[in-house]
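Hi everyone, thanks for coming. Please bring up the sequence and the 3D view on your screens, and we'll walk through them together.

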Amino acid sequence: MSETAKIELDGKIYELPVFVGTENEKAIDISKLRDLTGYVTLDTGYKNTGATKSAITFLDGEEGILHYRGYSIEQLAEKAAFIEVAYLLIYGNLPNKEELHAFRQSICKHTLVHEDMKQFFEAYPSKAHPMGVLSSMVASLATFYPESLDPNRSPEAKNLTIHRLLAKLPTLAAWSYKNLTRHPFMYPRNEYDYCKNFLYMMFAMPTEEYQVDPVVVDAFNKLLILHADHEQNCSTSTVRIVGSSNANLYSSVSAGISALWGPLHGGANQEVIEMLERIHADGGNVDKWVAKAKDKEDPFRLMGFGHRVYKNFDPRAKIIKKACDDILDKLGVNDPLLDIAKKLEKVALEDEYFKARNLYPNVDFYSGIIYKALGIPTEMFTVMFAIGRLPGWIAQWKEMTENKEPIGRPRQIYTGQTNRQYVPVEER
Ligand code: ACO
């Protein structure tokens, strides 16, 4: 394999180093290209740009492979607890018994949020989307913990901030839903594990005993693991780029939550279920909606289809599709939206338009149906994604700070007006 790449520009040949990752991914290191040649590279949407070297997640879009720290997503989703996966992503290895116990204890210790924050919730409009509330609340945490403002203060301080955020996000997420429904906030129960505690804070009411169904807890655990990291996607790149200015973890993750909210990214899970409901209400004519998605004059896209990197299948979607069948079966739910989703998938997968563009169902295609079966309201779907993605954002932010990466600052190619002379307004 070549150790350098040759590039010919203006009649001169330049040699650039080649970098090969542990899974044999190859890159041309262009970091000195501008100094050497005066040229930069142009890659809108970073479709072909490696923004960093990372040891957290490996993804092969052609083969449909996803590994966290070397462990396959299939094994982790089948066997692990979400909190173990969080530890694995953040600290690099699966915890032993003592490490896991200490990690759980530390998270439990920090699940409460400052009482003053409750007043913030009251200030939001009654129909406030929980993603907007969550993003603001996470940013607000920095104002309560000023010692977090310098991310490089000490490893202990950094660790405390990480544990606080992991512990408080489910509380803030559940309360953002309670705010939407104007139901009383439920305080965390620290004898419950991470997933059960969140479901309790979401669904319990002070007036009645709430039993959390273990089937629901298991399904939620699996969904969180499947969402836990996905290398340099839109929200994670946002977290890294915000963090690269030495912004604190809370601000960086708050920015990631905002990026995730967009319908082309995590917001797609809400859009998928709304799309399936529209198709159902319209009589369930799947062919009509597939035709709309193919029509370039029509802005409609098949939500939950297509992915920037998966061009064969999304391994998470494969696991979720099976989980979806199992869960609906166990809970005895018969959802007509699942039938529409299956028909839509079949029609699209056999259609030339979708085949030619390698468009396959992504993780969001089936997750909404499971969330719906678990009783989670539509506006909360992307919040669920954010809870799952948190360990990934934290791990990526931590790696970036530890590697002392430079501030993220892409170049551009200017295409606007060239030098013009100012003319006073009376003379224009
Ligand atoms: N429905 C119909 N056509 C589509 C779809 C879709 N869902 N997705 C892509 N296409 C078409 C595009 O129109 C384009 O066609 P063209 O070559 O004729 O112009 C071609 O496929 C390539 O699409 P791009 O938008 O260029 O691909 P990109 O990699 O930039 O976008 C994205 C990927 C944003 C995920 C896109 O497929 C999409 O909008 N999907 C629907 C939203 C969605 O499900 N997002 C969730 C992604 S997973 C996640 O973030 C967790």
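First, some ground rules. This is a predicted model, with residues numbered from 1 along each chain as its sequence is written, and local features need pLDDT of at least 70, while side-chain atom pairs count only at pLDDT 80 or more. Totals for chains, interfaces and linings use all residues, and side-chain values use heavy atoms, with hydrogens and water left out.

Let's start with the sheet. Helices (H or I, at least four residues) and strands (E, at least two) are DSSP runs, numbered from the N terminus. Two strands pair if DSSP finds at least two bridges between them. Here, three strands make an open sheet in the order S4-S5-S6, and the pairing is antiparallel. Which strands stand at the edges? They are S4 (57-60) and S6 (71-72); each has a single partner strand, so one side of each is left without a neighbour in the sheet. As background, strands of a sheet pair through backbone hydrogen bonds, either parallel or antiparallel.

Now look at the partners. S4 and S5 pair over four bridges, and S5 (residues 65-68) pairs with S6 over two. Find His-67 in S5: Phe-58 stands opposite His-67, and in S6 the bridge partner of His-67 is Ser-72.

Where do the side chains of S4 point? Thr-57 and Leu-59 go one way, Phe-58 and Asp-60 go the other, and all are buried. Buried means under 20% relative accessible area, exposed means over 50%, and partly exposed is in between (1.4 Å probe, protein chains only). In general, side chains in a regular strand alternate between the two faces of the sheet.

S4 and S5 also form a hairpin with four residues between them, and Gly-64 in the turn has a positive phi of about 70 degrees. Gly-64 counts as buried, because its relative accessibility is 6%.

Most residues other than glycine have a negative phi. Asp-10 is not a glycine, yet has a positive phi of about 50 degrees. Asp-10 sits in the loop between strand S1 (4-9) and strand S2 (12-20). Is Asp-10 buried or exposed? Asp-10 is exposed, with a relative accessible area of 67%. Arg-69 also has a positive phi of about 50 degrees without being a glycine. You'll find Arg-69 in the loop between S5 and S6, and Arg-69 is partly exposed, at 21% relative accessible area.

Next, the rings. Rings of Phe, Tyr and Trp (its six-membered ring) pair if their centres lie within 6.5 Å; planes under 30 degrees apart count as stacked, over 60 as edge-to-face and the rest as tilted. How many aromatic pairs does this rule give? The count comes to 20. One of them joins Trp-175 and Tyr-187, edge-to-face, at 5.5 Å centre to centre with 85 degrees between the planes. Trp-175 is in helix H7 (residues 155-181), while Tyr-187, 12 residues apart from it, is in the loop between H7 and helix H8 (194-203). Trp-175 is buried, at 0% relative accessibility, and Tyr-187 is partly exposed, at 33%.

Why is the pair of Tyr-353 and Phe-354 edge-to-face? Their ring centres are 5.0 Å apart and their planes stand at 65 degrees, so the pair is edge-to-face.

Keep Tyr-353 in mind as we reach the ligand. A polar contact is a pair of N or O atoms within 3.5 Å; within protein, one must be able to donate a hydrogen and the other to accept it, and residues adjacent in sequence count only if both atoms are side-chain atoms. A polar side-chain atom of Tyr-353 lies 2.9 Å from a nitrogen atom of the ligand. For Leu-302, a polar backbone atom is 2.7 Å from a ligand nitrogen. Lys-47 has a polar side-chain atom 3.5 Å from a ligand oxygen.
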